[in-house]
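I opened the notebook to record what I looked up, one entry per topic. The entries follow the order in which I checked things.

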Amino acid sequence: MIAETLGKLGGAGIAGLRFALKDPDSKVRLATIVALGYNEDTQSVDLLENIFPKESDVDMRQAAAQALGRKAHDAGVVTYLTEVFHNASDPSVRFDAVSALGDICIINAIGSIVEALYDKDDDIR
């Protein structure tokens, strides 16, 4: 798909990816979210943070969480996912956030991952 190519273009592809996020076809939007996870431009993090956790479609939200998990080099991503985990009322959103933190596998994420073991929601534990 074109979204995959745009994702590899870095900053030059961001405008096209931003446009593709508005496409009515869910397959295009999903491919765009995945591509944002591989895009090196800092704007891709902002776009992903605007999608997750607000997205109601579970597949889109999980893809956004996974894409954020690939952005471990961005220090703000761990903080953002940790805040989502602590503050989201929807257990599935919290699960997606802690799963992305697990994908990051860096020391800054361990506190929230351990905390998830004691979560009141069985699906998160």
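Entry 1, order of elements. I read the elements from the N terminus on and wrote down α-α-α-α-α-α-α-α. That gives eight helices and zero strands. I note here that the model is predicted.

Then I took the contacts with a separation of 6 or more: 57% of them are between residues 24 or more positions apart.

How many salt bridges does the structure hold? I found one. Its partners are Asp96 and Arg61, with the closest N and O atoms 3.1 Å apart. The pair links distant parts of the chain, since Asp96 belongs to helix α7 (residues 91–104) and Arg61 to helix α5 (residues 58–69), 35 residues apart.

I stayed with α5 and checked its length. At 1.5 Å a residue, its 12 residues should span 16 Å. I looked up the end C-alpha atoms, and they are 16 Å apart, so the two values agree. Next I listed the buried residues of α5: Met60, Arg61, Ala63, Ala64, Ala65, Ala67, Leu68 and Gly69. What covers them? I noted that the cover includes α3 (26–38), α4 (43–51), α6 (75–87) and α7.

I found Ile14 in helix α2 (residues 14–20). Its relative accessible area is 2%, and the cut-off for buried is under 20%, so Ile14 counts as buried. I then asked which residues Ile14 touches, not counting those up to four places away in sequence. The list is Leu36, Asn39, Asp41, Gln43, Ser44 and Leu47. For Asn39 I also took the C-alpha to C-alpha distance from Ile14, which is 8.1 Å, while the two are 25 residues apart in sequence.

Entry 6, rings. I searched for aromatic pairs and found zero. A charge over a ring did turn up: Arg70 lies over the face of Tyr38, at 4.3 Å from the ring centre.

Technical notes:
Residues are numbered from 1 along each chain as its sequence is written. This is a predicted model: local features need pLDDT of at least 70, side-chain atom pairs count only at pLDDT 80 or more; totals for chains, interfaces and linings use all residues. Side-chain values use heavy atoms; hydrogens and water are left out. Rings of Phe, Tyr and Trp (its six-membered ring) pair if their centres lie within 6.5 Å; planes under 30 degrees apart count as stacked, over 60 as edge-to-face and the rest as tilted. A charge sits over a ring if NZ of Lys or CZ of Arg is within 6 Å of the ring centre and within 35 degrees of the ring normal. Helices (H or I, at least four residues) and strands (E, at least two) are DSSP runs, numbered from the N terminus. Contact means heavy atoms within 4.5 Å. A salt bridge is a side-chain nitrogen of Lys or Arg within 4 Å of a carboxyl oxygen of Asp or Glu. The expected span of a helix is 1.5 Å times one less than its number of residues. Buried means under 20% relative accessible area, exposed over 50%, partly exposed in between (1.4 Å probe, protein chains only).
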